[in-house]
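Hi,

Here is the structure I promised to pass on.

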Amino acid sequence: MIYGLQPGGSHVSSSLWQEYDVCVQFGAATDSYDSEGTITHVASKDKYPSLDQLVAALNHFRGEIDQIPPIYSAISIQGKRAYDYARQGIPLPKPIEPRKVRIDSLELVQYDDDGGDALLRVTCGGGTYMRSLVHDLGLTLGCYAHMTGLKRTRQGPFTLEHCLALVQKGEDGYQHRQLLSLEDVRRKTRTPNS
């Protein structure tokens, strides 16, 4: 993940497309849309989608789509974070509005139709919630789903191979920070026309 610690840093991070590996469990929905939430709906084991059904359903989520962020998210509703309402058990003052997001690539990497779990690879624009994608996929298939794992594998031109540990032991035996300056990040993300 790219962290912007200086003015303008968050703009660099949020404007880059991202790639994720997303683990999915079909058969149950949770209030947080992930495995840390409380189960809200359960489908029977025979409700797991077939491989053909799953592949067909993925087509509905490619391109520009409307997506409603989960209640456990940092979006602001009347000056308060949505997750604050959720954690305190306070009803939202108004529904969370759908947002346009872009999913450029959505691939099924593996699927176990006996256990109901899948691995997806998603390339998307900033602001796309993987938890909402998984939840909505489960609803589309009529079997519920929640996210059980997430790994960001790319952000703009940066891949896992470019990652640095925030703290790394040096040859002198001491812990050293491993951060790039904002200028280094800008230089790395600059396009020929910018």
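A contact, as I use the word here, means heavy atoms within 4.5 Å. With that in hand, and leaving aside its neighbours within four places in sequence, L137 is in contact with F26, L54, A57, L58, F61 and L120.

Some housekeeping before the rest. This is a predicted model, so to speak of local features I need pLDDT of at least 70, side-chain atom pairs count only at pLDDT 80 or more, and totals for chains, interfaces and linings use all residues. Residues are numbered from 1 along each chain as its sequence is written, and side-chain values use heavy atoms, with hydrogens and water left out.

Buried is under 20% relative accessible area, exposed is over 50%, and partly exposed is in between (1.4 Å probe, protein chains only). For the element names, helices (H or I, at least four residues) and strands (E, at least two) are DSSP runs, numbered from the N terminus.

An open sheet of 6 strands runs in the order 4-7-8-1-9-10, with antiparallel pairing; two strands pair if DSSP finds at least two bridges between them. Strand 4 (63-67) and strand 10 are the edges, each pairing on one side only. Strands 1 and 9 are antiparallel and joined by 9 bridges, and Q25 stands opposite H146 in strand 9. Strand 9 is joined to strand 10 (residues 158-159) by 2 bridges, again antiparallel, with R154 opposite T159. Those two strands form a hairpin with 2 residues between them, and G156 in the turn has a positive phi of about 60°.

**Rings and cysteines**

How many aromatic pairs does a search of the whole structure find? It finds 1, where ring pairs are Phe, Tyr and Trp (its six-membered ring) with centres within 6.5 Å, and planes under 30 degrees apart count as stacked, over 60 as edge-to-face and the rest as tilted. The rings of F26 and Y111 have centres 6.0 Å apart and planes at 90°, so they are edge-to-face. F26 is in strand 1 (residues 18-26) and Y111 in strand 7, so the pair ties together parts 85 residues apart in sequence. Both residues are buried.

C23 is partly exposed at 30%, while C124 is buried at 1% relative accessibility.

**Around L92**

L92 is in the loop between helix 3 (82-88) and strand 7 (99-112), and is partly exposed at 26% relative accessibility. Not counting residues up to four places away in sequence, L92 touches I71, I77 and Y85. K80 lies over the face of Y85, 4.9 Å from the ring centre; that calls for NZ of Lys or CZ of Arg within 6 Å of the ring centre and within 35 degrees of the ring normal.

Cheers
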